[in-house]
Every structure is written in C-alpha cells, then in structure tokens.
Amino acid sequence: MWWGGRGQSFNIASQKEEPELSGLKSVQGSRMPEHRSRQPGSCLASGCLPGEQILAWAPGLRKGLQPELPGTLICTNFRVTFQPCGWQRSQDTPLSSEYDFALVNIGRLEAVSALTRVQLLRPGSQLKFIPEEILIHGRDFRLLRVGFEAGGLEPQAFQVTMAIVQARAQSSQSQLYVGITQRKAAQGSGSRKPPIPLLETLEDWEAEQKKQGARGWRVSTANERFDVATSLPRYFWVPNRTLDNEVRRAFGHFHQGRGPRLSWHHPGGSDLLRCGGFYTASDPNKEDIRAVESMLQAGHSDVVLVDTMDELPSLADVQLAHLKLRALCLPDSSVSEDKWLSALEGTRWLDYVRSCLRKASDISVLVTSRVRSVVLQERGDRDLNGLLSSLVQLLSAPEARTLFGFQALVQREWVAAGHPFLTRLGGTGANEEAPVFLLFLDCVWQLLQQFPAEFEFSEFFLLALHDSVRVPDTLTFLRNTPWERGKQSAQFNSYTQVYTPEYSQAPAENSVNSQLSVWDWNLRYSNEQILQFHNPGYAPEHYPGSWFPRQQPSLMVPGPPSSVWLFSRGALAPLNQLCPWRDNPSLLAVSSRWLPRPAISSESLADQEWGLPTHWGACPLPAGLLLPGYLGPQVRLWKRCYLRGRPEVQMGLSAPTITGLQDELSHLQELLKKWTSRISPEDHCKKRDPNTLLPQSR
C-alpha cells in the first residue's frame with residue numbers, strides 16, 4: 001500500500017540487476033556522466049522533469065517494509081527518489097506519491113554506520129564516515145530508510161548522501177512546480193478545464209452562488225484589481241443592496257481590509273459570514289457604520305457574533321503541539337512504551353482537535369437552529385475562520401461530504417480565501433509557522449471515523465491531501481494569497497489576465513484558467529490510487545439528488561426581532577448594539593475584549609438552542625446535521641498518518657482492498673502464534689490460510 005502499509009501497487013521484476021543506460025541525458029540536452037558501474041534505472045531518465053538533473057545515485061535496499069525492496073536511491077536537483085528494481089515510472093504520472101521526496105519536504109536526514117554511530121546532517125554539514133544506512137524523515141511524517149550494499153560500493157553511498165545535503169541547501173520552492181507545469185503543458189494542447197472550479201473568474205463565483213441558492217447576495221467586483229485587499233479573492237459575495245463603493249469604504253475598517261462577506265448560505269435561510277478584526281486606527285462615519293451593519297445583518301434581524309479565537313489555540317500553540325507530535329512519532333523517540341500515551345496527551349494536539357470540533361459543533365447549531373446571520377470574526381480572518389467555516393459546512397451540508405464538494409470547499413474557504421499556506425507551512429522562513437490546515441484535516445479524519453457512512457471520500461484521500469501540502473508541484477499551496485498565486489502563474493499582469501506562453505493557444509475571453517492545481521491528482525497518483533480516494537462504506541442515500549436541496553422553511557424559525565448576540569465560551573450573551581464603536585471610536589479593538597465575557601456554560605449549546613423560551617419557537621434537529629463527539633477517547637490519534645515511520649504500528653490497520661486485508665490478517669495470525677505460549681506445536685505446523693478467522697483464545 002502506497003501510504004505505508006504492506007501491499008505494494010507496483011510489480012517487482014524477478015531480475016535483480018538494473019538495465020544499463022548508455023546515454024542518460026537531462027532534459028536540457030547535456031549528457032549525464034558515465035559511471036563505472038550500473039546506471040540508475042531508465043524509468044527516472046524518461047521521467048525527468050524539465051530542468052531536472054541527476055546529481056548522484058547508489059544501489060541500496062529500502063528497509064522498514066515487508067518485503068524489503070532492492071533498488072536505487074537517486075538524488076536530483078528537485079527530489080530524492082527510490083527506484084525499485086524492475087519498477088517502471090508511468091509517463092502520465094511524473095511524480096510518485098510513494099517513492100519521491102521533494103527536497104523541501106525533507107525535515108531530517110540521518111546517516112548511520114554499524115548501527116551505533118548516527119550523524120544528523122543539516123544543510124552545510126560534512127559527512128564524517130561512509131554510511132551503511134540513511135534515514136530521510138519527511139515533514140509529512142513519512143520515512144525513507146535505505147541501506148547500502150557492501151563490497152566496494154560504499155563510496156557511492158557517501159556521494160549520494162552528500163548530494164542530498166548539498167541539494168537541500170540549494171533547493172527552491174518553485175523549481176519543481178515549473179518543471180511539472182512545462183511537462184504537463186507539453187502533453188496537451190489548448191486550454192483545459194480544472195477538475196473543480198478554482199474560483200478565479202466571475203463566472204465561477206456566480207455559478208457557486210446559484211448552487212447555494214443565495215438569492216439575497218451578489219458577486220462584488222470591488223477587489224477585481226486587488227486594490228481592496230491582496231489577501232482576498234478578486235470576487236466575493238456581499239448583500240444585494242450593498243454597492244461596491246460602500247464595500248470599499250466599509251472593508252477599510254477591518255484588519256487587512258478583510259470585511260464581512262458571505263462564506264456559506266444554509267438551505268434553510270441562515271447565512272454564515274466571516275471577517276477580520278476591527279481596525280484600531282479607523283474612524284468610521286455614520287455611513288460606513290450603516291454599511292457595516294447592513295453587511296453583518298445580511299437581511300436578518302437575528303445576528304450572532306462569534307469570537308473565533310475564544311477557546312481555540314493560538315497559532316504558536318498549534319505549531320508547538322505539532323512539533324511535539326512529530327518528535328514523539330519518530331521511530332527513535334526516547335519515550336518508553338508505557339509512557340507514550342501520556343506523552344501524546346502532553347503534546348496537546350488532541351486537545352486542540354477536541355476544541356475545534358466542539359466549537360464547530362456549537363456554531364453548526366447556531367446556523368441550523370434559526371434563520372439568522374452568524375458572523376465568524378478573527379483578527380486576520382485567514383486561519384481559524386477558515387477552519388471553523390469548513391467544519392461547520394461539513395457538519396451541516398451533506399453535499400460538502402462528497403469528494404467533489406469537499407475539494408470545492410477547500411478551494412473556496414482556504415485557497416481562494418487567502419490562507420497563508422507558504423508561511424504557515426514554513427516556506428518563508430518567518431517565525432509564523434503553524435499548520436492550521438493540517439489541524440483541520442485531522443478534525444475531518446475524526447469526523448470520518450465517527451460517521452463513516454456519511455463521507456464519500458476515504459482516509460486515503462485525506463492522506464493524499466495532507467501530503468500534497470509538502471510537495472511543491474502546484475501553486476495551490478505555494479503562495480500566501482490569490483494575488484501572489486495568480487502573479488506567479490502569469491494568470492494576470494498588472495492585474496489584467498493575459499495569454500501565457502505555457503499553452504499552445506491563447507485562451508478565449510472569460511475562459512477557465514488552465515493553471516495546474518493540487519486537484520490534478522494524476523500528477524502524483526495512478527488511476528488505481530485515485531480509485532482508493534472513494535469511501536467504499538459511503539451510503540449514497542445520505543447525499544440528496546440535487547446539489548443544494550431546499551430545506552422546508554418550517555424546520556427553521558426566525559430569531560427574536562432586532563437581536564444581537566455574542567457567542568463566547570459556549571454561551572450566548574445579548575449585546576446592546578451591533579457596532580459598539582458607534583459612540584466611542586476607541587472601542588475599535590482588534591479582539592473582542594470590549595464584549596462581555598460570560599462564564600463557561602456546562603450545558604451544551606444544542607440544549608440551550610432547542611430549549612430556549614417559547615417565544616423563540618421550537619426547532620427540531622435538522623436532517624443531515626452531524627454533532628460529533630469530542631470528549632476523551634472519542635478523539636483518537638491518526639495512526640495511518642502520524643505513525644507512518646513505524647511499519648509495525650501500521651500492521652493491523654484496515655486496508656483498502658481484499659488482498660491487503662488478507663495480507664494483514666495473515667501477518668497478525670503469525671504474530672499471534674509467536675506471542676501466544678498456549679498454542680500447541682501442532683498449530684505451528686498448520687498451513688496459514690488468510691481466509692480463516694483469528695483463532696479464539698482458550
């Protein structure tokens with residue numbers, strides 16, 4: 001299995017010798033140097049990307065898998081790849097999701113000699129001995145462990161290890177993307193339609209608005225030239241009666257120009273909005289205040305302001321917890337087995353997952369219990385707002401749980417909304433790294449475990465998306481803002497879309513931009529692997545026939561007239577006015593410290609909402625709403641992701657195919673016979689049948 005299990009998705013030839021290559025060349029036409037011994041396999045030579053050059057290689061044995069694989073370790077100026085003997089790289093898949101490690105994805109490189117001497121190699125380090133084995137730890141929790149052959153071939157092991165050290169120091173985030181783009185562009189002609197709407201055109205936003213049935217909203221072009229905010233998309237949704245000049249003025253009073261705009265329209269009538277914190281230096285006049293109030297109300301009399309940062313971890317907390325989790329999951333972790341679970345809780349990663357699930361569950365109740373406007377407010381509006389908005393839609397909308405719907409959700413709430421992927425994933429070197437998106441994927445995995453029949457996509461799809469953020473093969477996760485992404489891909493020049501020479505013909509006016517995205521899964525995954533993205537346990541009846549079904553209005557009732565609420569610490573508290581700075585501009589705070597702080601409620605919000613006074617009206621639990629568990633053992637460790645460096649832990653996890661299940665069952669039977677002293681000698685002589693069940697203990 002290509003995500004760390006036992007089965008393999010390729011065929012290993014019986015011969016152990018690799019083919020001789022007399023004329024291995026790089027794409028630029030320069031001849032690769034001849035080696036005295038065997039050359040690397042031809043599949044990489046034919047699969048080289050434009051501008052890619054092989055720097056060094058050495059025959060070796062990939063360890064940690066069963067069975068161990070003989071092959072060749074190859075270092076290029078883009079990646080480190082292990083090529084098993086006899087495996088042929090597909091021409092249609094220039095990257096391998098299993099064997100390729102992008103240089104920027106390597107988090108730790110270790111050289112081992114005689115199993116007692118270990119050297120940690122950083123960029124600029126000098127190897128002090130000839131290694132017998134190297135361990136490449138990916139920042140995505142993957143592990144590549146390669147042992148080298150003896151008998152005079154050790155110098156090649158030294159050369160390939162030093163080549164990796166030097167290539168890491170010289171690697172660039174954009175190198176691999178350029179090579180992928182040129183290669184895929186050469187395979188096709190003309191413009192191409194992306195797998196999902198990238199929300200880069202006015203037509204995309206209008207089509208999405210129509211799908212959601214948001215009739216009270218329109219697509220604003222106020223930011224078409226990115227003169228309102230470069231971190232916002234060129235288009236977004238605002239109330240129908242709000243003019244673009246009002247949008248520009250009102251957005252100027254919010255942090256980074258990220259004013260209130262629609263995130264999702266619930267079929268029952270509620271609206272979920274998101275915005276940044278109020279800008280401290282602004283001084284709004286009456287007209288601006290009126291415009292802000294109109295946007296926040298969105299045509300509703302009942303408005304709930306949600307302080308996103310309340311009860312959730314800070315960015316520094318998320319980063320520290322992820323670093324502790326990664327250190328704990330390393331194969332050579334110093335934590336003993338009897339203290340491992342307590343150390344896991346000590347990372348606080350699972351605590352943060354619980355906090356996100358609880359708050360998203362509460363906000364889902366706010367959105368689905370009454371027809372109202374729910375506004376998510378975060379200082380920067382680029383991290384926790386996206387996490388909560390996405391989780392709320394997953395809990396409330398069955399269409400978001402489909403494979404297409406989830407990809408569209410990520411594209412809209414994260415990519416188009418300007419989540420700073422490059423900075424949060426450590427690509428800029430700034431001290432602002434925090435894997436918020438990876439925390440979101442962990443929350444989605446928890447939902448998938450609790451509601452396995454409600455999601456069309458599988459755990460392997462989440463793993464593919466998790467790993468894709470560390471592989472710079474597209475611009476989806478390579479930039480911080482839509483403006484940077486569009487400028488890098490030559491989508492526009494001076495804020496104007498122009499023809500780019502990457503494609504054989506100029507796109508017609510208003511045509512779909514043909515830049516590659518992470519949703520082009522065939523860049524790194526075979527057709528067989530992509531088929532495993534689908535959840536075999538998904539029940540189609542959970543997904544209605546229409547895209548956004550119209551829910552019966554009787555299921556949701558209006559809130560009290562002219563009511564403004566603050567949701568904080570699990571409870572609703574009334575506010576006197578929607579904009580508290582109306583009479584005192586000094587109240588333009590970045591956070592909601594100026595708002596009352598009620599005590600933490602021990603009663604769930606669902607009980608509060610559906611048990612409110614009778615004049616609010618009664619509302620049954622909406623169909624399709626998921627309320628996840630978030631207490632104690634209900635939140636578990638994502639073993640298939642975080643423990644991929646420990647093959648022994650991966651054994652016994654569910655496999656996606658019958659063959660994989662048979663292999664794991666057979667392996668577990670063998671382990672059980674070894675560990676159980678009560679098994680009679682006759683049992684050891686029996687032929688192991690993977691179709692039989694595990695023997696019951698006596």
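A residue counts as buried when its relative accessible area is under 20%, as exposed over 50%, and as partly exposed in between (1.4 Å probe, protein chains only). By that rule D140 is buried, with a relative accessible area of 1%.

The model is predicted, so local features need pLDDT of at least 70 and side-chain atom pairs count only at pLDDT 80 or more, while totals for chains, interfaces and linings use all residues. Residues are numbered from 1 along each chain as its sequence is written, and side-chain values use heavy atoms, with hydrogens and water left out.

Helices (H or I, at least four residues) and strands (E, at least two) are DSSP runs numbered from the N terminus; two strands pair if DSSP finds at least two bridges between them. An open sheet of 8 strands has the order β4-β3-β2-β1-β8-β7-β5-β6, with antiparallel pairing. Its edge strands, β4 (100-102) and β6 (117-121), each pair on one side only. Strands β7 (residues 133-138) and β8 (residues 143-148) are joined by 5 bridges, and I136 has L144 as its bridge partner in β8.

D140 sits in the loop between β7 and β8. Its side chain makes polar contacts (a pair of N or O atoms within 3.5 Å; within protein, one must be able to donate a hydrogen and the other to accept it, and residues adjacent in sequence count only if both atoms are side-chain atoms). The partners are the side chains of N105, at 3.3 Å, and R142, at 3.1 Å. Apart from neighbours within four places in sequence, D140 is in contact (heavy atoms within 4.5 Å) with N105, H466, D467, R470, C641 and R644.

**Helix α4**

In helix α4 (residues 202-212), the buried residues are D204, W205, E208, Q209 and Q212. They line one face of the helix, because seen down the axis they fall within an arc of 135°, taken over the directions from the helix axis to the C-beta atoms. Their cover includes β9 (217-220), β10 (236-239), β11 (261-265) and α11 (403-415).

F461 lies in helix α14 (residues 459-468) and W521 in the loop between β17 (496-497) and α16 (527-531), so their pair ties together parts 60 residues apart in sequence. F461 and W521 are buried, and W519 is buried too.
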